[in-house]
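Subject: Structure handover

Hello,

Here is the structure you will be working with. Please open it first, then read my notes alongside.

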Amino acid sequence: FTFLRFLLPFEFPFATNLVFPEIFSRAVSFLRYPFYRSGNIRISIWIIFEAVWLTGILVMLVRFLRENLAFHHRVVWESKVPLLYGIRHPRILIPIGMKLPEEELRFLLSHEAAHHLHHDIFIKLGVSLLTIVYWWNPACHALKRQLDAVLEMRVDDYVTEDSFESRHKYLKCLIHVAEKLLNPKRFDTLECRFHMMSGDPKPYARCLHVSALVLTIGVYLFSYAFTFEAQYAAPDKIVTTFETLGSCTYMILTEDNKYEVYYGTLLLETVDSVEDYLDGTPVYNSLEEVPLELRVDVLGEDEEVN
């Protein structure tokens with residue numbers, strides 16, 4: 001959802017602004033307020049959070065690359081079963097000297113080919129990158145842990161024919177492969193896969209899947225119905241001053257008792273009162289009364305207008 005909202009930052013006409021409570025707004029301001037300033041460097045609690053997030057991403061990325069290099073080594077030297085390997089040039093690798101009955105070998109090759117057909121390598125890579133970016137989110141790690149089992153179940157259903165004999169032979173093949181690997185985690189995953197293949201689909205399963213999909217899309221679209229903003233109490237009266245305009249600021253009293261505010265030869269605005277301006281700002285009845293040292297072309301000078 002976060003990624004899609006980042007890519008599609010639009011608002012619906014019916015979107016409603018929701019103002020955060022004042023205590024929440026103050027908390028956000030506290031997190032973003034810089035407690036250290038030096039030149040262009042500003043450090044706040046929020047900046048520290050972002051630095052920790054970025055550091056975690058780099059650490060997770062290095063770990064991901066190291067694990068993939070180790071996996072490459074295991075594939076080349078220690079693999080005991082056929083598997084789909086590679087992203088740019090995916091291929092099914094078969095260990096040298098592996099002896100399997102023809103039927104089991106057909107099941108295994110069909111299994112790996114189904115992974116390639118469903119682009120499971122890219123799905124795993126995408127979830128891995130998601131986990132790297134949102135390393136602090138336990139839901140991402142849970143998704144990554146469950147992904148392998150879910151993809152294997154989908155391939156099992158795709159490869160096996162809808163008959164007891166076909167599934168029985170396929171399950172025997174999986175047990176044979178798991179015994180070669182001697183990995184307890186593989187047996188835990190196989191137990192779930194066996195239940196999926198041996199059980200009949202629930203009559204409400206398809207309806208449940210459609211409802212989950214509709215709910216997910218609905219939550220995403222519903223998130224666009226609201227725009228959150230911080231609470232801000234605007235001052236009753238904005239005071240305008242010209243402290244930084246330099247010494248060329250003056251006023252002209254007009255015939256209708258209004259004041260034209262000038263900065264050099266530049267007319268800034270016309271106001272009804274001078275009470276919001278600095279005391280001591282000179283006031284003249286006409287431009288002819290203004291001294292020549294005030295009537296300068298400020299836009300042509302080097303003095304900065306703020």
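Which element gives the largest share of the lining of the largest cavity? H5 does, with three residues.

First, some ground rules. The model is predicted, so local features need pLDDT of at least 70 and side-chain atom pairs count only at pLDDT 80 or more, while totals for chains, interfaces and linings use all residues. Residues are numbered from 1 along each chain as its sequence is written, and side-chain values use heavy atoms, with hydrogens and water left out.

**The chain overall**

The chain has nine helices and 10 strands. Both are DSSP runs, numbered from the N terminus: helices are H or I with at least four residues, strands are E with at least two. The chain has 306 residues, and 24% of them count as buried. Buried means under 20% relative accessible area, exposed means over 50%, and partly exposed is in between (1.4 Å probe, protein chains only). Now take the contacts with a separation of 6 or more: residues 24 or more positions apart account for 58% of them. A contact means heavy atoms within 4.5 Å.

**The cavity**

Rolling a probe the size of a water molecule over the atoms shows where empty space is left. Here the count is one cavity of 30 Å³ or more. The largest cavity holds about 50 Å³ of space. A cavity is a set of points on a 1 Å grid, over the protein atoms alone, where a 1.4 Å probe fits but cannot get out; lining residues have an atom within 4 Å of a point. Grid points are joined across faces, edges and corners, and the volume is the space filled by probe spheres set on the points.

The lining of the largest cavity is made by Leu-84, Gly-86, Ile-87, Pro-90, His-115, His-116, His-119, Asp-120, Ile-121 and Phe-122. Helix H4 (102-117) and H5 are the elements that give two or more residues to this lining. By class, the lining has five nonpolar, four polar and one charged residues. Ala, Val, Leu, Ile, Met, Phe, Trp, Tyr, Cys and Pro count as nonpolar; Asp, Glu, Lys and Arg count as charged; the others, Gly among them, are polar.

Look at His-119 in that lining. His-119 sits in the loop between H4 and H5. Its phi is near 55 degrees, a positive value in a residue other than glycine. His-119 is partly exposed, at 49% relative accessible area. The C-alpha atoms of His-119 and Ile-87 are separated by 9.6 Å, although the two are 32 residues apart along the chain.

**Two packed helices**

Two packed helices are described by the angle between their axes and the distance between the axes. The axes of H5 (residues 120-133) and H6 (residues 138-159) come within 9 Å and cross at roughly 170 degrees. Axes are lines fitted to C-alpha atoms, for helices over the stretch in contact, and angles run from 0 to 180 degrees between N-to-C directions. H5 and H6 are therefore roughly antiparallel to each other. That label needs an angle over 145 degrees; under 35 is roughly parallel, 65 to 115 roughly perpendicular, and the rest oblique.

The H5 side of the contact includes Ile-123, Val-127 and Ser-128, and the H6 side includes Lys-144, Leu-147 and Leu-151. By class, this contact has eight nonpolar, three polar and five charged residues. Ser-128 counts as buried, at 9% relative accessibility. Leaving out residues up to four places away in sequence, Ser-128 touches Phe-64 and Lys-144.

**Three more residues**

- Tyr-170 lies in helix H7 (residues 164-181). Tyr-170 is buried, at 1% relative accessible area. Beyond residues up to four places away, Tyr-170 touches several residues, among them Phe-107, His-111 and Met-197. Tyr-170 and Met-197 are 27 residues apart in sequence and 9.9 Å apart in space, C-alpha to C-alpha.
- Ile-252 is found in strand E7 (residues 249-253). Ile-252 counts as buried, at 6% relative accessibility. With residues up to four places away left out, its contacts include Tyr-259, Tyr-284 and Leu-287.
- Asn-257 is in the loop between E7 and strand E8 (259-263). Asn-257 has a positive phi of about 60 degrees, although it is not a glycine. Asn-257 counts as exposed, at 56% relative accessibility.

Best wishes

Technical notes
On a 1 Å grid over the protein atoms alone, a cavity is a set of points where a 1.4 Å probe fits but cannot get out, and a pocket is an open set with protein on both sides within 12 Å along at least five of seven lines; lining residues have an atom within 4 Å of a point.
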